Amino acid sequence: MDAGRISRGDAVDDAVFIGGWWLPATDLQARRTAGKVSTVRPVVQGHTAWQYHKIMEAVMLPKTHKTAIDIGAHIGWWSYWLVQKFEKVVAFEPVPLQYDLLRKNVTRSNFDAVRSALGFERGQVCFDVDVENTPRAFITEGESQITAELRRLDDFNFVDVSFIKIDVEGYEK
């Protein structure tokens with residue numbers, strides 16, 4: 001495997017369990033974060049809670065707690081907490097290893113994960129991933145070992161959406 005990429009063939013076997021989370025084994029940044037407890041990252045329900053206070057503030061904003069959508073879900077840092085506050089959570093994560101770990105980290109019955117990128121049109125997209133900091137997955141114009149289906153959010157016909165979290169490395173525009 002190229003040192004700067006995660007390949008399509010990587011499996012959940014390439015993961016470690018730290019701070020209550022399944023993480024990509026190569027992700028040094030996530031491993032440091034998950035193992036570091038502080039007032040910013042308290043341990044809640046056996047999990048080092050990345051951005052916990054920000055998440056709890058955000059989930060109190062909607063008037064209803066029907067459906068939450070997590071776009072750019074990574075391994076479930078947000079989805080794990082969203083499923084405890086919303087009737088239904090749907091998460092989108094296009095990178096295969098991160099998608100597998102998302103499904104391993106968030107197992108509640110009101111959760112669904114979709115291995116897809118979202119955009120203005122349907123098609124295919126290629127990604128490059130910083131293996132030492134896997135939330136940094138970027139769309140690339142060229143050959144890549146990681147491809148994903150590109151779909152439109154409107155194609156899913158969601159109803160009663162109360163909350164949408166988007167973290168897609170600058171592609172939120």
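This is a predicted model: local features need pLDDT of at least 70, side-chain atom pairs count only at pLDDT 80 or more; totals for chains, interfaces and linings use all residues.
## Model and partly exposed Phe158

At 26% relative accessibility, Phe158 is partly exposed (the class between buried, under 20% relative accessible area, and exposed, over 50%, with a 1.4 Å probe and protein chains only). Phe92, on the other hand, is buried at 1%.

Residues are numbered from 1 along each chain as its sequence is written, and side-chain values use heavy atoms, with hydrogens and water left out.

## Aromatic pairs

Rings of Phe, Tyr and Trp (its six-membered ring) pair if their centres lie within 6.5 Å; planes under 30 degrees apart are stacked, over 60 edge-to-face, and the rest tilted. That gives 10 aromatic pairs. Phe92 and Phe156 are edge-to-face, because their planes sit at 75° with the centres 5.0 Å apart. Since Phe92 is in strand β6 and Phe156 in the loop between β11 and β12, this pair ties together parts 64 residues apart in sequence (strands are DSSP runs of E, at least two residues, numbered from the N terminus). Phe156 also pairs with Phe158: centres 5.7 Å apart, planes at 15°, so stacked.

Elsewhere, ring pairs join Trp21, Tyr52, Trp77, Tyr80 and Trp81 in a cluster.

## Strand β11 and its partners

Strands pair if DSSP finds at least two bridges between them. β8 (residues 117-118) runs parallel to β11, with 2 bridges, and Leu118 has Arg151 as its bridge partner. β9 (residues 123-129) is antiparallel to β11 over 5 bridges; there, Gln124 faces Glu149.

Terms used
Helices (H or I, at least four residues) and strands (E, at least two) are DSSP runs, numbered from the N terminus.
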